[in-house]
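Here's a quick briefing to read alongside the model.

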Amino acid sequence: MFNKILIANRGEIALRIIRTCKEMGIKTVAIYSTADRDSLHVRFADEAVCIGPAPSAQSYLNIPAIISVAELTNADAIHPGYGFLSENAKFARICTEHGIKFIGPTEEHINKMGDKATARKTMIANGVPITPGTDGLLDSVEDGKREALRIGYPVMLKATAGGGGKGMRIIRNEAEFEHLWNAARQEAAASFANDAVYLEKYIEEPHHIEIQIAGDQYGNVCHLSERDCSIQRRHQKLLEETPSPFMTEELRHKMGEAAIKAAKAIKYEGVGTCEFLVDKHRNFYFMEMNTRIQVEHGITEEVTKLDLVKEQILIASGAKISQRNYYPQAHAIECRINAEDPFNNFRPSPGQITGLHLPGGNGIRVDTHVYTGYKIPSNYDSMIVKVVAVAQTRNEAIDKMRRALDELVIEGIKTTAPLHQQILEDAAFRAGNYTTKFMEDFEIKNPNE
Amino acid sequence: MAQMGLRPKIIYNQHYADKNNELYILKKLNTMANLKEIQDFIRTVSKIGISEVDIQTDDLKLNVKFPAGGNASIPATNEGFQLPAYQMPMLSGMSQQMGTPVQAATTTTTPIEYRSEAKEDEKKYLTIKSPMVGTFYRRPSPDKPIYVNVGDEITKGKVLCVIEAMKLFNEIEAEISGKIVKILVEDGSPVEYDQPLFLVEP
């Protein structure tokens with residue numbers, strides 16, 4: 001077992017990792033930028049070292065500084081958390097080269113899953129369904145029409161150099177193909193000076209459902225069921241829940257097996273997540289794999305009574321997993337509260353928290369690094385509190401979350417808590433009837449108007 | 001509670017004015033007992049991992065406690081931190097998170113006047129801080145001369161020290177000119193980003 005772990009992260013996840021380390025009797029080293037001097041993770045760690053100025057590139061992404069600290073403090077492992085260097089293959093390799101265990105997958109695993117083309121090929125080779133699409137770029141409109149027939153309408157024509165929704169067109173039938181082909185390519189040429197396009201099947205109103213998996217160093221993999229993360233704004237998750245209201249036992253079994261196949265195919269080590277898109281017919285398609293612990297891991301923990309950070313550390317130190325799968329024994333919902341103003345286009349609201357009351361009581365878990373008097377730095381992401389509600393049934397979990405958010409007080413800054421309260425009141429949400437389109441259509445009621 | 005930084009840095013950095021304390025106490029000790037013997041003794045004891053030492057002689061009463069759990073900051077194998085023995089656990093007075101406070105040898109007077117004097121002068125000096133994490137060295141290599149001493153005049157661009165990280169030695173140049181008033185870090189000790197290294201009178 002490790003003697004000392006360096007946490008290469010900040011905020012709530014750094015604190016989360018330190019807590020489990022303390023429980024396991026493992027010493028902790030925190031790293032921090034000058035902007036995080038007063039951060040909670042710095043105070044809770046056994047040792048803390050300032051590694052750079054506020055900008056992430058010079059601090060939390062500063063590989064030489066982090067490795068330096070690990071050597072100076074004799075840390076034998078590094079936990080990268082999520083974001084920052086957690087899926088940086090180079091960092092994983094450098095840790096290994098310096099005799100420091102990177103708590104996560106290997107450089108190879110990260111590379112295999114990080115490159116979308118390689119990941120898709122691996123999935124195809126192992127019989128894991130992926131979003132059907134062309135194998136490369138399209139040569140001509142005839143090529144496109146042929147591929148579209150093969151894939152099946154509706155299809156999405158996408159610019160290879162694209163982003164931000166530009167150079168994309170949904171094509172619903174052959175009749176409109178040529179006209180939309182021209183429009184998409186013109187837009188792509190204008191926006192990216194590259195009009196090359198390819199096709200993917202357009203999955204209508206998908207559900208974003210991900211499967212948590214864990215693999216040990218011996219080739220064993222198990223799954224820990226799903227999380228529904230369809231409530232997203234601009235591809236940022238706002239609220240997650242498990243079990244998914246859209247799930248059936250059969251679908252969970254199929255998706256679980258697919259996720260295990262995917263992980264076994266690359267001999268995945270560590271805790272990871274396979275993200276899928278699920279259409280209204282409950283066909284599921286592999287989207288991508290995240291080779292790290294996720295923000296929303298807490299809801300899986302609450303319904304399986306496991307500590308996923310502990311599992312990461314155990315796996316990294318050579319423990320074998322149990323090889324059984326884990327299923328939700330209760331219902332859990334998480335709300336990610338950000339320091340943003342939901343009534344003003346989600347403008348970030350850094351500043352000082354002048355008053356704070358966190359909810360508690362039966363079935364409520366709060367993960368946060370903030371405290372009264374804490375100044376939220378403007379250099380990092382805006383998530384400040386994660387509230388999780390657990391109950392026997394989904395309705396009770398919703399009631400608990402409503403109660404908890406009513407109780408939550410954060411003064412001095414604006415937060416997205418009021419938005420979550422509105423989401424929980426929404427009829428479609430309460431019925432469990434939502435897809436990734438939910439937030440697009442959701443009307444945020446501004447109480448100031 | 002300033003539980004920040006690597007322990008040796010805390011011990012030193014917390015009260016560099018304690019240097020005056022130290023000197024005073026050591027002067028006293030010198031007259032009473034063989035200082036070298038005491039230094040060696042403490043150094044040996046720290047390496048073994050003993051948690052407390054109590055000495056009583058006719059002229060000297062010495063009690064030294066080490067942090068609980070052994071040598072978190074004083075590695076038994078002597079890798080990691082290098083601290084001059086007399087400075088090690090003896091005079092920090094800083095309690096660590098769960099460790100026991102370290103106690104100084106007994107003397108009859110506390111030289112508080114030294115401490116406040118040092119703090120007064122401090123205000124008009126500029127501080128040169130470390131631009132990176134690593135190990136601070138006062139010479140380019142053990143056989144070469146020291147870069148700067150207290151009292152030296154420095155100009156912008158002069159190399160003051162090297163900080164080693166991942167086997168690479170980085171020369172740290174002065175960004176200001178003036179006279180070195182104090183060197184705040186011991187040769188060979190770890191430093192963090194922004195840690196004060198030199199006090200300079202501009």
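Let's start with β2(A), where Lys27(A), Val29(A), Ile31(A) and Ser33(A) point one way while Thr28(A), Ala30(A) and Tyr32(A) point the other, and all of them are buried. That makes seven of seven buried residues for this strand, which spans residues 27-33 of chain A, so β2(A) is largely enclosed by the rest of the structure. Keep in mind that this is a predicted model.

**Around β2(A)**

- On one pairing, β2(A) runs parallel to β1(A), residues 4-7, and four bridges join the two.
- Here Ile7(A) sits opposite Ala30(A) of β2(A).
- To get from β1(A) to β2(A), the chain passes through helix α1(A), residues 11-24, and this β-α-β crossover is right-handed.
- β2(A) also pairs with β3(A), residues 47-52, again running parallel, this time through five bridges.
- Look for Tyr32(A) there: its bridge partner in β3(A) is Cys50(A).

**Nonpolar cores**

- The largest nonpolar core has 113 residues, and the members that touch the most others are Leu6(A), Ile51(A), Val69(A), Ile78(A) and Phe276(A).
- Take Val69(A) as one to click on: leaving out residues up to four places away in sequence, it touches Leu6(A), Val29(A), Ile31(A), Val49(A), Ile51(A) and, over in chain B, Val133(B).
- Two of those contacts, Val29(A) and Ile31(A), point one way from β2(A) together with Lys27(A) and Ser33(A).
- There's another core lying apart from the largest one; it has 34 residues, including Leu239(A), Cys335(A), Ile384(A) and Ala391(A).

**The eight-strand sheet in chain A**

- This sheet is open and its pairing is antiparallel, with the strands in the order β13-β12-β9-β10-β11-β14-β21-β19.
- Its edges are β13(A), residues 284-290, and β19(A), residues 364-368, each of which pairs on one side only.
- From one strand to the next, the twist averages 25°.

- Chain B has four helices and 10 strands, and from the N terminus on they come in the order α-α-α-β-β-α-β-β-β-β-β-β-β-β.
- Of its 202 residues, 28% count as buried.
- Among chain B contacts with a separation of 6 or more, 65% come from residues 24 or more positions apart.
- One open sheet here has four strands in the order β3-β10-β8-β5, with antiparallel pairing.
- The edge strands of that sheet are β3(B), residues 126-129, and β5(B), residues 153-154, each pairing on one side only.
- β5(B) runs antiparallel to β8(B), residues 178-183, and two bridges join them; Glu153(B) stands opposite Lys179(B) of β8(B).
- Where the two chains meet, chain B contributes 16 residues and chain A contributes 18 residues.
- On the chain B side of that contact, eight residues are nonpolar, six are polar and two are charged.

Technical notes. Residues numbered from 1 in each chain as written. Chains lettered and ligands numbered in written order. Predicted model: local features only at pLDDT ≥ 70, side-chain atom pairs only at ≥ 80, totals over all residues. Pairing = 2+ DSSP bridges. Contact = placed C-beta atoms within 7 Å. Nonpolar A, V, L, I, M, F, W, Y, C, P; charged D, E, K, R; others polar. Core = buried A, V, L, I, M, F, W, Y, C linked by C-beta atoms within 7 Å. Buried ≥ 20, exposed ≤ 12 C-beta atoms within 10 Å, placed from the backbone. Right-handed = clockwise from strand over helix to strand, strands pointing away. Axes fitted to C-alpha atoms, helices over the stretch in contact; angles between N-to-C directions.
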